[in-house]
Amino acid sequence: MQTMLQFALPPAGALTPVGQMLRVGLGILLLTASAKIQVPFWPVPMTLQVAAVMMIAAAFGARLGTATVIGYMVAGAMGLPVFAGTPEKGIGLAYMMGGTGGYLLGFVVASFIVGWVADNLRKMFLAPAMLAGLAVIYVLGLGWLAQFVSADKVLVYGFSPFIVGDLVKIALAAFLVIGLPTGLMQKIRGSQSDA
């Protein structure tokens, strides 16, 4: 797998704008794939987006991780079918302003939180940072969802069916990122030369 990543990512060191764009592009593709991989669930299908957001933020850091998630949002706002349920449930800004809009905003904030921790603290703080990021996703998501459903249904539709799955996804994301060898993590971030 490391050899495959070496071909997918440009030489690291001083990360060039092309290297940054390539990483953001690969991250957007990963986020799109994570939105399309769905586990049938009620009231809406469960996706792997939370895990992907957390892994990208932890692997890329605050600046590049957040830029990747914002790039994903921009692609969706432009009408590309990158979100879960698109194009069947709508596309573009109309989809983003729907019931899941707060969760999408939460992805951006969570990516910054996790990325900042990845940039500034040791790996052992990534799992708590991911939990904090998940809390932000839920706070923003539930707050936004409250505009669309009655107060007694907010937790039923936007929290209860998903929290256990999201905690499992966080555990998986933390395990994968924390388990990456330091050299590979530096390669992904573009902070190691290929000498």
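Which residues make a nonpolar surface patch of about 510 Å²? The answer is Phe112, Trp116, Leu121, Met124 and Phe125. Keep in mind as you explore that this is a predicted model. The protein has 195 residues, and its secondary structure comes to 9 helices and 2 strands. Let's walk through it topic by topic.

**The overall picture**

- Of the 195 residues, 46% are buried.
- The accessible surface of the protein is about 9800 Å², and carbon and sulfur atoms account for 75% of that surface.
- Take the contacts between residues at least 6 apart in sequence: 68% of these contacts join residues at least 24 apart.

**The nonpolar patch**

- Trp116, one of the residues in the patch, belongs to helix H5, which covers residues 101-120.

**How helices pack together**

- Two packed helices are described by the angle between their axes and by the distance between those axes.
- For helix H2 (residues 17-36) and helix H3 (residues 49-77), the axes come within 9 Å and cross at roughly 145 degrees.
- The crossing of H2 and H3 is left-handed.
- On the H2 side, the residues that meet H3 include Val24, Gly27, Ile28 and Leu31. Their partners in H3 include Val53, Ile56, Phe60 and Leu64.
- Helix H6 (residues 126-145) packs against helix H8 (residues 163-179) at an angle of about 145 degrees, and the two axes are 10 Å apart.
- The crossing of H6 and H8 is right-handed.
- Leu126, Ala127, Met130, Leu131, Leu134 and Tyr138 are the H6 residues in this meeting. From H8, the residues taking part include Ile163, Leu167, Ile170 and Val177.

- How many salt bridges are counted here? The count comes to 1.
- Side chains of opposite charge can pair when their charged atoms come close.
- Here the pair is Lys169 and Asp166, whose side chains meet at 2.8 Å, N to O. This pair counts as a salt bridge because the cut-off is 4 Å.
- Lys169 and Asp166 are separated by about one helical turn, because they sit 3 residues apart in helix H8.
- Are these two partners buried or exposed? Lys169 has a relative accessibility of 8%, so Lys169 counts as buried. Asp166 is buried too, with a relative accessible area of 7%. Both values fall under the 20% cut-off for buried residues.

- Lys169 and Leu48 are 121 residues apart along the chain, yet 7.3 Å separates their C-alpha atoms.
- Setting aside neighbours within four places in sequence, Lys169 is in contact with Met46, Thr47, Leu48, Val50 and Ala51.
- Leu176 is another residue of helix H8. The C-alpha atoms of Leu176 and Met55 are separated by 7.9 Å, although the two residues are 121 apart along the chain.
- Leu176 counts as partly exposed because its relative accessibility is 40%.

- Gln49 lies in helix H3 and is buried, with a relative accessible area of 8%.
- Which residues does Gln49 touch, leaving aside its neighbours within four places in sequence? Gln49 is in contact with Leu31, Ser34, Ala35, Tyr72, Ala84 and Phe107.
- Ala129 has its place in helix H6 and is buried, with a relative accessible area of 5%.
- Beyond its neighbours within four places in sequence, Ala129 is in contact with Ile113, Val114 and Val117.
- Ala129 and Ser111 are 18 residues apart in sequence, and their C-alpha atoms are 9.8 Å apart in space.

**A cis peptide bond**

- What form does the peptide bond from Thr86 to Pro87 take? The bond is cis, with omega near 5 degrees.
- To find the spot, look at the loop between H3 and helix H4 (92-96), where Pro87 is placed.

Methods. Residues numbered from 1 in each chain as written. Predicted model: local features only at pLDDT ≥ 70, side-chain atom pairs only at ≥ 80, totals over all residues. Heavy atoms only, no water. Patch = residues over 30% accessible without salt bridge, like charges linked within 9 Å, V, L, I, M, F, W, Y side chains within 5 Å. Areas by Shrake-Rupley, 256 points an atom, 1.4 Å probe, with all protein chains shown as cover. Helix = DSSP H or I, 4+ residues; strand = E, 2+ residues; numbered from the N terminus. Axes fitted to C-alpha atoms, helices over the stretch in contact; angles between N-to-C directions. Left-handed = near helix turned anticlockwise from the far one by under 90°. Contact = heavy atoms within 4.5 Å. Buried < 20%, exposed > 50% of the residue type's maximum accessible area, 1.4 Å probe, protein only.
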